[in-house]
Amino acid sequence: MKRSSLAAFAACLALSPPLASAAPPSSGAATGASGASYQFTLGKLLAVEGSINDALAAFEQAEKLAPPAQPTAYIYLEHAQLLARMAQYARNPSLRDESLRKAGEKIVEARRLAPDNLDVLRAVGDVYIDLAAIDPAALNTARDALEEVRQRNRTDAQSFMTLGRIYLDQNQPDKAAAVFQELVNNVPQQRMAYALLVESLVRANKPQEAEKALSDILSFDPGSLEARLTLADLQSKRGDARAMFETLQGAPEEAREDPRFKRQFAWALYQNGQLDEALKQVEPLAAKESDSQSVLLLKGLILTAQGQNAEALALLTKVRASQPKDVGLGLATAKLMQRTGKRAEAIRTMTDLADALAKDGKAVESREVRLEAAQSAVDGKQWDQVSEVLRPLLASTDEPTRLAAVLFQADALGRAKRYDEALTLLDTLPDPQKKSLAVESRRAEVLLRAGRDAEAGRALTALAAGDDAAALAAAQSYQRVEHYQESLPILEKLAAAHPDQVATGFLLGAAYDRTGQRDRAVAELRRVLKLDPDFHAAMNYLGYTFAEAGMNLEEALALVSRAVALDPDNGAYVDSLGWIYFRLGRTEQARGALERAARLDPEDATLQEHLGDVYVALGQTERARQAYQRSLGLAGGKPDEVRRKLGDLDKKPRS
């Protein structure tokens, strides 16, 4: 025997568990317990040496010689583990399967001899996980054995990890999360355990708990880029752009050079309304990763929010070529087409997308896209086009689809002052639908538009007397046709009964404002923002109210700046921001914001009037005149006031 083998042999003898207390053999032949110990140790040595067949033979001999005592279980345990290792390296599938089955038989015997031995239970888990490759039911045996280990040794990290992975493989993420959570509680700072805990919680749809686990990781390992990026992603998905930004801001310098960090940080800047800085971050990425769809998309969205419509459209069109059925991307592209005066192309883009989705069996998505296309036609007052776009939905045999189309078409006909057609269309619905909340409220809106206020009032009074949902629908119907006074008592009653409902509070605040009760409007909107500090529609409304009144302008600026950060592509919000700058006397900033707003929402009459006022303040008379004329060409606004301003301009020399 070589010297190295002798040393290994001595080590094995020293480390092997005792099989039984027995005296050394009295003759050269090893018999009984001592013979079993010899063969067992020899088998381990031969396994280390790579003499697998000889090792297996030694284990077999040890099993024959061993007395029926618990320590004998270690012979079967080692034998089973060797067979399992053989199976891992076997090239012949039949030999592999045979080795696994034999390993299973040996470990069963070990468990019979020592049912409570933790080493044996761990080995059962390992061997039966391998056996699951040929018998999936074996995974349950492995799981049950490791559950026993879990109950008796709370700090056995390896067994916990294996058990948790089994639960993940069995698609039981809740149980996996419980295992990994227990492990990190008992053995802190287990990085892999935390990573698997996060995976389990995400798969179990428990994002808040996953965020907490990720925060724990960062508390002891702030340099963990994977944890930081995952946490930021979860925060972004739940709509907390500020938390996402703060998480990424906390990254150490060395992590900031990673391209993944740069991409996500640029997204965070965009989602927080820091468009110039976001573009500065994304430009180098776009240069290096010119084929990266995510980078091109981000750059396109930043340019969209800046109102750089033509450049944004070119980028999104390029991205969309590889993702032609992406709904969000298709709608964003269509919106840019509308902004650049390509309404017909925008409608065609959306209807083509709707057709493609319908062919793929995505009926709900197809319906929503087609309704967006119809809305584009409504915005352009293309009433016949609305009917054409809705034709497939109106002909649908699916009741919810046809109902949605009928409600939309009736609204469009009402706006086009084709009231009888709208009411007749609603009458084509079957009786159960005709009496539904949605249809009753839409019918009342058409009647109000037609000037049949008494008839509409009776219908809406009946709705308001119903449950909360019906009452809210009645109030919304009044507000959609600008009958704010009539909506007030309904909303006041609802707000008193449900003071925590932010939507009701917002509508009530708007009603107070539109009925000349500014102080009550301000109080109600402040209350709404206490309930939901990130309700950006309320921020914008309150800020614009202050601007119109010329009061609390610094507060107005803070409110609307936050609203713009939360929704940077919203032209109405950017208009409010520009108007507040103007009221503060910061005319150049007002011009920049309002020109951006005009690119985001080129069909808003009030916005064009604001822009004209800024140009007047800057002494740019001709540009002011063009803005006022554009305002008069659009629906809404205050045309008499704009005409007066144009008259004043005519008294000035052109510049």
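Tutor: Let us begin with contact, which means heavy atoms within 4.5 Å. The model is a predicted one. By that criterion, Leu118, Leu121, Arg122, Val124, Gly125, Tyr128, Ile129 and Leu131 of helix 6 meet Ala138, Leu139, Thr141, Ala142, Ala145, Leu146, Glu148, Val149 and Arg152 of helix 7. Sorted by class, this contact has 12 nonpolar, 2 polar and 3 charged residues.

Student: What makes helix 6 roughly antiparallel to helix 7?

Tutor: Helix 6 (residues 118-131) and helix 7 (residues 138-152) pack at about 155 degrees, with their axes 8 Å apart. Angles over 145 degrees count as roughly antiparallel, and therefore helix 6 is described in this way relative to helix 7. Their crossing is left-handed.

Student: Why is helix 32 called roughly antiparallel to helix 33?

Tutor: The axes of helix 32 (residues 553-566) and helix 33 (residues 571-583) come within 9 Å and cross at roughly 155 degrees. With the limit set at over 145 degrees, helix 32 is therefore roughly antiparallel to helix 33. This crossing, too, is left-handed. Helix 32 contributes Leu553, Ala556, Leu557, Val560, Ser561, Ala563 and Val564 to the contact, and helix 33 contributes Tyr573, Val574, Ser576, Leu577, Ile580, Tyr581 and Arg583. By class, the contact of helix 32 with helix 33 has 11 nonpolar, 2 polar and 1 charged residues.

Student: How do you know that Gln409 counts as buried?

Tutor: Its relative accessibility is 7%. Gln409 lies in helix 22 (residues 399-415). Apart from neighbours within four places in sequence, Gln409 is in contact with Val386, Ser387, Leu390 and Leu425.

Student: What makes Leu611 buried?

Tutor: Leu611 has a relative accessible area of 3%. Since the limit is under 20%, Leu611 is classed as buried. Leu611 belongs to helix 35 (residues 605-617). Beyond its neighbours within four places in sequence, Leu611 is in contact with Arg591, Leu594, Glu595, Ala598, Ala627 and Arg630.

Student: Which residues of helix 34 are buried?

Tutor: They are Thr587, Ala590, Ala593, Leu594, Glu595, Arg596, Ala597, Ala598 and Leu600.

Student: How do you know that the reach of helix 34 is close to the expected one?

Tutor: Helix 34 (residues 587-600) has 14 residues and spans 20 Å from its first C-alpha to its last. The expected value, at 1.5 Å a residue, is 20 Å, and the reach of helix 34 is close to that.

Note on methods. Residues numbered from 1 in each chain as written. Predicted model: local features only at pLDDT ≥ 70, side-chain atom pairs only at ≥ 80, totals over all residues. Heavy atoms only, no water. Axes fitted to C-alpha atoms, helices over the stretch in contact; angles between N-to-C directions. Helix = DSSP H or I, 4+ residues; strand = E, 2+ residues; numbered from the N terminus. Parallel < 35°, antiparallel > 145°, perpendicular 65-115°, else oblique. Left-handed = near helix turned anticlockwise from the far one by under 90°. Nonpolar A, V, L, I, M, F, W, Y, C, P; charged D, E, K, R; others polar. Expected span 1.5 Å × (residues − 1). Buried < 20%, exposed > 50% of the residue type's maximum accessible area, 1.4 Å probe, protein only.
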